[in-house]
Amino acid sequence: MESERSVVIAPEALDDLIGALRRRGFRVLGPTVRDGAIVYDELDSASELPIGVTDRQEPGSYRLEERDDEARFGYAVGPHSWKRFLFPPRITLWRAKAENGGRKIEEEPPNETQLAFIGVRSCELSAIAIQDRVFIGGKFVDRDYAARRDGAFLLAVNCGEPGANCFCASMDAGPRVRDPYDLALTEMLDGEHRFLVEVGSERGADVLAELPSVPASQSDVASALAVTNDAAARMTKAMPQVDLHALLAGSLEHPRWDDVASRCLSCTNCTLVCPTCFCSSVEDTSDLAGVETARERVWDSCFSLDYSYIHGGSIRASSRSRYRQWLTHKLGTWVDQFGTAGCVGCGRCITWCPVGIDITEEVAALSKQEEKSHAATA
Amino acid sequence: MATATPSELHPVGAFVPLPFRVAERRQDTGDTWTLTLEPEESGFAVEPGQFAMVHVFGVGEVPISVSGPPERPGDPIVLTVRAVGAVSGAICASELGALLGLRGPCGNSWPIAEATAGDVVVVAGGIGLAPLRPVVLHTLAQRDSYGAVSVLYGARTPADLLYTDQLEEWRSTIAVDVTVDAAEPPWKGKVGVVPKLVATAEFRPEAVTAFVCGPEVMMHFTVQALRERGVPDERIMLSLERDMRCGIGLCGHCQLGPTLVCRDGPVYSQADVGALLGVREL
């Protein structure tokens with residue numbers, strides 16, 4: 001923690017912060033309450049934040065409740081993740097128009113509006129870093145993602161209120177932010193309601209300079225550290241601490257896949273709420289005359305039957321094989337493909353699974369049975 | 001802050017196809033056509049074994065292996081396509097002069113340079129001969145660089161055989177052994193599955209590279225037959241088919257365990273993917 005550059009701001013200064021970003025031309029996006037959930041949307045002012053609201057999460061359950069304070073970030077992550085702005089659910093890739101015996105193909109111009117994300121949690125910074133490796137870290141760059149990602153302002157928030165499905169500490173992805181950010185807030189509710197602000201970039205410092213602030217005292221810094229330490233200590237879920245890559249690679253014919261397949265509905269919810277799932281499909285549209293056509297890219301899921309379809313049938317016809325694909329990819333083969341695992345411990349897949357399948361329980365079952373079979377053969 | 005705008009930083013995306021025009025069109029079998037496509041403006045060079053994403057405007061896009069690869073970007077590209085779905089059907093139905101969109105080259109290529117000085121055995125099932133045709137053409141063009149070269153080719157019936165005129169031409173220079181799964185008179189050739197041809201093919205197991213493409217079950221039994229001859233897994237090369245939507249490793253559809261077939265493949269050695277192909281529904 002860079003205590004010498006840290007300052008303390010009042011909750012009211014968040015409005016100045018959003019104003020400072022909007023004046024710089026950013027489209028400011030952050031958490032707000034809509035349809036009984038905390039979602040990410042455009043913010044005009046800090047009054048649209050979920051003030052005094054928290055979420056109660058359980059496997060297959062998400063409910064908002066009132067808090068007995070005015071906390072701005074007193075909740076865990078909801079159904080949205082920042083991926084919906086960096087890798088939107090549907091984009092047009094290009095349009096083509098038949099003219100003069102040929103066809104004029106026009107690529108859709110990339111997003112030119114710079115994005116500012118308010119309240120990015122540590123697990124979400126990790127998820128963005130993972131999608132960076134997928135979309136802009138390899139030989140082929142996803143132009144649309146790159147354009148949205150370039151210059152995105154990241155206002156991080158250290159977590160003080162882990163949900164019942166959070167397990168970021170066991171994935172080394174939180175609750176204290178570590179990945180690059182512009183500014184990082186820690187909300188302190190002990191004594192006077194205030195935020196410790198840490199600076200991660202020059203432009204972060206520029207924005208901060210416009211806000212009323214006071215230098216952080218030693219006790220402010222200590223209290224901020226206690227917020228995340230306390231959050232880590234209160235986190236009840238954990239991913240089993242085993243070599244996940246080896247466990248998954250060695251579990252392809254494990255009986256647990258039949259067990260989880262008997263519960264899994266193949267609904268795709270887990271992949272849609274996952275902040276790192278990046279699979280997509282394409283759709284083509286045409287006017288009635290076939291003169292103007294367009295190609296769109298849409299989110300897809302490895303849980304759909306169509307996902308693996310080739311002539312003759314789907315490779316993964318059973319939900320057993322589709323759940324196995326998802327989990328094995330997320331925790332194992334993602335490393336082979338992109339040099340990092342694909343899970344950050346945010347718990348969204350557990351909360352939004354309609355039957356409450358818990359990724360940590362499934363891994364525990366795989367590792368426990370593996371121990372048993374090892375014991376039997378020893 | 002960066003002064004360049006996103007569109008300046010990223011001028012062209014990898015999802016935009018290049019226009020090609022159908023210059024020649026030949027029906028090979030009841031459901032398979034070979035098209036020669038000429039680039040309207042610029043095209044791309046293709047290595048043997050690579051594929052292209054072929055777009056029919058308003059219909060869709062599918063990965064198609066290149067049966068006649070352009071050596072230079074302006075050269076025409078030859079595709080052999082079996083009409084089995086909406087897009088492949090629309091490609092096959094494209095008339096002379098029709099415009100298609102192509103992206104590529106995608107994927108890796110057959111290791112034909114590494115096979116130099118040794119023997120070559122090409123084992124193809126059905127439309128699997130299309131991506132192997134560039135290997136055959138290469139060995140014919142560089143005949144002195146290779147030892148014994150043989151093509152083992154199987155189709156369902158005599159009417160399903162591709163490139164029948166070319167097979168006859170190839171026979172004058174290299175060994176060509178053809179079989180069909182089932183036939184009626186007047187077929188006087190072999191009847192049986194293609195892996196059975198491996199046992200009698202002329203090659204030195206210690207010095208051969210096998211190039212194999214066909215249905216996965218055919219490749220499975222071909223690998224068994226090659227192993228029985230003593231060909232090591234490292235020199236049994238397979239070209240795989242998976243669902244592909246982007247062709248550049250970004251959409252996820254072509255995963256086979258740790259590998260993305262469009263990015264890391266489609267050509268793999270049996271040593272690399274044999275264990276993965278053995279897992280049902282992976």
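Between chain A and chain B there are 24 residue pairs in polar contact, both at pLDDT 80 or more (a pair of N or O atoms within 3.5 Å; within protein, one must be able to donate a hydrogen and the other to accept it, and residues adjacent in sequence count only if both atoms are side-chain atoms). This is a predicted model, where local features need pLDDT of at least 70 and side-chain atom pairs count only at pLDDT 80 or more, while totals for chains, interfaces and linings use all residues. Residues are numbered from 1 along each chain as its sequence is written, chains are lettered from A in the order in which they are written, and side-chain values use heavy atoms, with hydrogens and water left out.

**Chain A against chain B**

- On the chain A side, the elements giving two or more residues include β6, α3, β14 (292-299) and α10 (319-338) (helices, H or I, of at least four residues and strands, E, of at least two are DSSP runs, numbered from the N terminus).
- α10(A) gives the most to that side, with eight residues.
- The chain A side splits into 22 nonpolar, 17 polar and 16 charged residues (Ala, Val, Leu, Ile, Met, Phe, Trp, Tyr, Cys and Pro count as nonpolar, Asp, Glu, Lys and Arg as charged, and the others, Gly among them, as polar).
- The two chains put 55 residues from chain A and 43 residues from chain B into the contact (heavy atoms within 4.5 Å).
- Together they bury about 4,200 Å², 56% of it on carbon and sulfur atoms (accessible area, 1.4 Å probe, that two parts lose on being put together, summed over both).
- Three salt bridges link the chains (a side-chain nitrogen of Lys or Arg within 4 Å of a carboxyl oxygen of Asp or Glu).
- A:Asp306 pairs with B:Arg245 in a salt bridge, with the closest N and O atoms 3.3 Å apart.

**Inside chain A: domain 1 against domain 2**

- The contact draws 44 residues from domain 1 of chain A and 43 residues from domain 2 of chain A.
- Those domains bury about 3,600 Å² between them, 59% of it on carbon and sulfur atoms.
- A:Lys83, A:Ile130 and A:Phe167 lose the most area on the domain 1 side, together 16% of what that side buries.
- Four salt bridges run between the two domains.
- A:Arg297 and A:Asp142 form a salt bridge, the closest N and O atoms being 2.4 Å apart.
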